[in-house]
Amino acid sequence: LFAILMMTFPLYAKMFYPKPKVPAATLAAVDNKQQVKFSIQGMSCAPCEIEINKTYVPALNCNKRFLFLYGGAGSGKSQFAARKIIFRMMTEPGHRFLLVRKEKCHIRESMYRLLKDIIEYYNIAHLFICKDHEMKIIYTENGREIISAGLKDSEKIKSITGITGIWVEEAFELERKDFDQLNLRLRGETDYYKQIICTFNPMDANHWLKAFMDKQPDNLLAM
């Protein structure tokens with residue numbers, strides 16, 4: 001009987017390990033601009049509060065497969081994308097996020113630098129390990145991680161497993177086949193939704209991203 005119980009444990013394990021509650025977002029005025037401030041609790045230190053622009057509240061709550069954020073420099077799209085990844089990393093178990101650009105070397109001074117800057121700004125650097133050589137960030141509370149890859153190394157992308165979320169910066173650099181390959185990386189069932197975040201500047205009217213958005217698929221939020 002004991003052996004049978006142990007063999008079937010994965011089927012009922014969630015009864016003993018319930019999914020942790022994700023903190024609710026609350027509105028607050030920050031620097032005379034209305035922003036969203038959410039508190040992250042349940043860590044080994046005091047709660048952490050992180051702000052995002054109110055414009056991106058729908059994107060914070062969005063659990064659709066694709067989240068497209070586009071706009072010019074200074075629109076805050078990349079700042080939001082980085083904050084959402086940090087928020088999910090610290091509140092949802094089992095994540096392994098992938099940072100992507102056409103060339104991996106461009107990630108260092110854009111997405112990776114931004115994530116590190118946000119972590120340092122909110123005084124939570126002691127909760128993370130940043131491996132600069134690999135452009136990898138590990139959340140020490142539970143081992144969740146953010147890794148980096150360039151699409152020019154297509155074989156490396158295909159070998160990456162266990163990805164639960166992807167952030168593509170300057171997505172207009174991608175060809176449609178690149179995007180489809182990334183979508184294949186988000187396979188399998190997990191407790192929390194899997195999502196590809198694409199951030200990019202306004203693109204040419206003939207770009208495949210424009211055609212993709214114009215179709216208005218149900219699994220896409222574009223803003």
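Let me begin with a term: a residue counts as buried when its relative accessible area is under 20%, as exposed when that area is over 50%, and as partly exposed in between, with a 1.4 Å probe and protein chains only. What you see above is a predicted model, in which local features need a pLDDT of at least 70 and side-chain atom pairs count only at pLDDT 80 or more, while totals for chains, interfaces and linings use all residues. Residues are numbered from 1 along each chain as its sequence is written, and side-chain values use heavy atoms, with hydrogens and water left out.

Let me start with the chain as a whole. Its secondary structure comes to eight helices and 11 strands, where helices (H or I, at least four residues) and strands (E, at least two) are DSSP runs numbered from the N terminus. Of the 223 residues in the chain, 45% are buried. If we take contacts, meaning heavy atoms within 4.5 Å, between residues at least 6 apart in sequence, then 64% of them join residues at least 24 apart.

Now to one pair of helices. Helix α4, residues 77-91, packs against helix α5, residues 108-121, at an angle of about 65°, and their axes are 10 Å apart; the axes here are lines fitted to C-alpha atoms, for helices over the stretch in contact, and angles run from 0 to 180 degrees between N-to-C directions. The two helices are therefore roughly perpendicular to each other, given that angles under 35 degrees count as roughly parallel, over 145 as roughly antiparallel, 65 to 115 as roughly perpendicular and the rest as oblique. On the α4 side, the contact is made by Ser-78, Gln-79, Ala-82, Arg-83 and Ile-86, and on the α5 side by Leu-114, Leu-115, Ile-118 and Ile-119.

Next come the salt bridges, each defined as a side-chain nitrogen of Lys or Arg within 4 Å of a carboxyl oxygen of Asp or Glu. The structure holds 11 of these salt bridges. Which residues are linked in a network of salt bridges? They are Arg-96, Lys-136 and Glu-145. Arg-96 is partly exposed at a relative accessible area of 24%, whereas Glu-145 is buried at 13%. Lys-136 also forms a salt bridge with Glu-145, where the closest N and O atoms are 3.2 Å apart, and Lys-136 is buried, as is Glu-145.

A further salt bridge joins Arg-176 and Asp-180, with the closest N and O atoms 3.0 Å apart. Because these two residues are four apart in helix α7 (residues 176-185), about one helical turn separates Arg-176 from Asp-180. Both ends are partly exposed, Arg-176 with a relative accessible area of 35% and Asp-180 with 33%.

Finally, a word on the backbone. Most residues other than glycine have a negative phi. Glu-170, although not a glycine, has a positive phi of about 55°, and Glu-170 lies in the loop between β9 (165-169) and α7. Gln-216, again not a glycine, has a positive phi of about 50°; Gln-216 lies in the loop between α8 (208-214) and β11 (220-222), and counts as exposed at 65% relative accessibility.
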